[in-house]
Amino acid sequence: MKTVYLVGIGVIMSMCTAAQTISIIPEPLSIQTRAGTFQLKPGDNIEVSSLDTGILNVANYFESKIAIATGFNLPVMQGLKSSKNGRIHFLLDVEKKFGAEGYEIVINADKIVATASQAAGLFYAAQSLLQLFPKQIESKTPVTGVRWEVPAVTIIDSPRFAWRGLMLDVTRHFFTLNEVKQFIDEMVRFKYNLLHLHLTDDQGWRLQIDSLPRLTEFGAWRPKREGKWGNTPPPDSTEPRNYGGFYTHDDIRDLVKYAADRYVNILPEIDVPGHSMAAVACYPELSCTPGNYHVNIGDKFMDWHGGGKFTALVDNTLCPTNENVYVFLDKVFTEVASLFPFKYIHMGGDEAAKNFWEQSDSIKALMASDTLANMEAVQSYFVKRVQQIIHSKGKTLMGWDEILEGGLPADASVMSWRGTKGGIAAAKAGHKVVMTPNDYVYVDLMQGDPIIEPKVYATVRLNQTYKFDPLPAGVDATMVLGGQGNLWTEQIPNMRAAQYMLWPRGLAIAESVWSPKEKKNWNTFIQKIENEFQRMDIRQVKYARSMYEPIFSVLKDGENIKVKLETEIQDIVIYYSFDETNPDEFYPRYIGVLSVPKDAATLKIITYRNGKPVGRQINMPVDELKKRVKK
């Protein structure tokens, strides 16, 4: 009896070990664990059910990902004839009702079998498989002394939404072709399938247009600035314009293929009529306001009044009454449509300042002749003209939610960024919608305390991003294509900074657009993030640890300043000092609201988890605390 008991304990421990190693982002639809593991060994190979190009590409992709770290040569071959242990099988089975991107993985001690109805599903199965291997699988050089084991498990999975996107702004700061490919490689690990490229703005035009060469000869370049964004004078005419860049047609063809091989569509955005300073600098006649323009380098050209209100100091819009504007856009969209096979073209449409339009005699004449009641109707006139051009290229127009104002063409789609209100209205009006609300998924915003983060106008912490639901209550699910995160790059000058802002919030968005709503669990998600941090360390991807750092709330009790500290995750211990020394685990532990001593100049805090420091030390000036007092 004692022997049976010990065997039972051994089985239970084995099952628990298998369960503990399951850390997949985004969370799959179903996971069933069993005792045991599969161990990859030298001499194993990968078998595919056919020589279909799609399945071969997936198998070769998977082999390339595991061969470097393991040092194993895993030939890809057709057929399922051998009974040898240690084989990995990729099967296409159209009879299985997995959908276009769903899959099943069955792992036993003798083999791994991944099955899908389409090659895209197998690609996502490969991503889940890679996450099941030990973290050393991420190494860029061979690793010895590792048992390349994965737990015995059955996974059934499919996405909640078809549109799972990330937007990369390549205008404010230019990212090379290889950097964008690197961005795609990180996206697909977490089953994103849409890259939205913001290709034009006030600070640069990034796409070669053969019929309008000045757009990249002049509009893609500006003098370099290295300091704080928006804290710079206008360029001197003698300064070299050597900062920037653009993508050639060949670059785009290469990128589109690279993305397609990883089941990613690319959505091109040409932002008009606002955000057009780079275009107007090249062709000033496209403005309603004659003058000399330069590609913006971060110098101030707009007054922001808060609440979505703004006034342009320089006219950065295309002129809706100028027929040459539509000739210009026809040329642009002709080439855009030929380069990007995706069905949508994004026209922007956001933050178009209208104060210069209000002064334009031609705008006033248009309003009178077409009975346009206000400036929103003028923009609607422009949007409808652009929609006709895009439609003539065989594409569907998409724009930011401002394009709703004044009326929208029937087949246009909306990307809702100013919260979800615009998306809800668009869906109820019969327009397809992508949800991308700035208060959840703008990953360029601060993710920790402003005293320690790069300063931006707002904060979106990780736990807020994880609450993102692309389907608001009461909205027809068939009208919501999905959701995406947006990475604007005014204050993001390089890929390391981009990675820091995107991860781990990009993991939260990935789970929100892929996983069933009921499968999301914050505490489980945090455990998975911490596992992923270790993997990111190995592949040298930068990420933020802001989730370990506290949220400050400041109150005033008479003349006393009180500070409350809260944490996003459990098991965080906070130590603090007021005496200007740097705290560690031997200092006072935060257990309740702090009263700030009258002679204190700085509150210093450090966070620990499981006996080790996890967050950055935050040195909070008392003067800053006083500014934050809640009235």
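Cys-319 is buried, with a relative accessible area of 4%, where buried means under 20% relative accessible area, exposed means over 50%, and partly exposed lies in between (1.4 Å probe, protein chains only). The structure that contains this residue is a predicted model, in which local features need pLDDT of at least 70 and side-chain atom pairs count only at pLDDT 80 or more, while totals for chains, interfaces and linings use all residues. Residues are numbered from 1 along each chain as its sequence is written, and side-chain values use heavy atoms, with hydrogens and water left out.

The sulfur of Cys-319 is joined to that of Cys-288 in a disulfide, with an S to S distance of 2.0 Å; a disulfide is here a pair of cysteine sulfur atoms within 2.5 Å. The structure holds 1 disulfide. This pair links distant parts of the chain, since Cys-288 sits in the loop between α7 (277-282) and β15 (302-306), whereas Cys-319 sits in the loop between β16 (309-312) and α8 (323-339), 31 residues apart. Helices (H or I, at least four residues) and strands (E, at least two) are DSSP runs, numbered from the N terminus. The torsion about the S-S bond of Cys-288 and Cys-319 is about 85°, and the disulfide is therefore right-handed. Cys-288 is buried too, with a relative accessible area of 17%. Another cysteine, Cys-282, also counts as buried, at 5% relative accessibility, but its sulfur lies 18 Å from the closest cysteine sulfur, that of Cys-319, which is too far for a bond.

Positive phi values occur in residues other than glycine. Glu-351, which is not a glycine, has a positive phi of about 45° and lies in the loop between β17 (344-348) and α9 (355-358), where it is buried, with a relative accessible area of 17%. For Gln-540, also a residue other than glycine, phi is near 65°; this residue lies in the loop between α17 (522-539) and β22 (551-557) and is exposed, with a relative accessible area of 53%.

Among the helices, α3 (residues 119-132) has 14 residues and reaches 20 Å from its first C-alpha to its last, close to the 20 Å expected at 1.5 Å a residue, the expected span being 1.5 Å times one less than the number of residues. Helix α3 is mostly covered, for 14 of its 14 residues are buried.

For the chain as a whole, there are 18 helices and 28 strands. The radius of gyration is 27 Å, close to the 25 Å that the globule rule gives for 631 residues, so the chain is as compact as a globular protein of that length; this radius is taken over C-alpha atoms, and the globule rule is 2.2 Å times the number of residues to the power 0.38. Along its principal axes, the C-alpha trace spans about 95 × 75 × 50 Å. Of the 631 residues, 56% count as buried.
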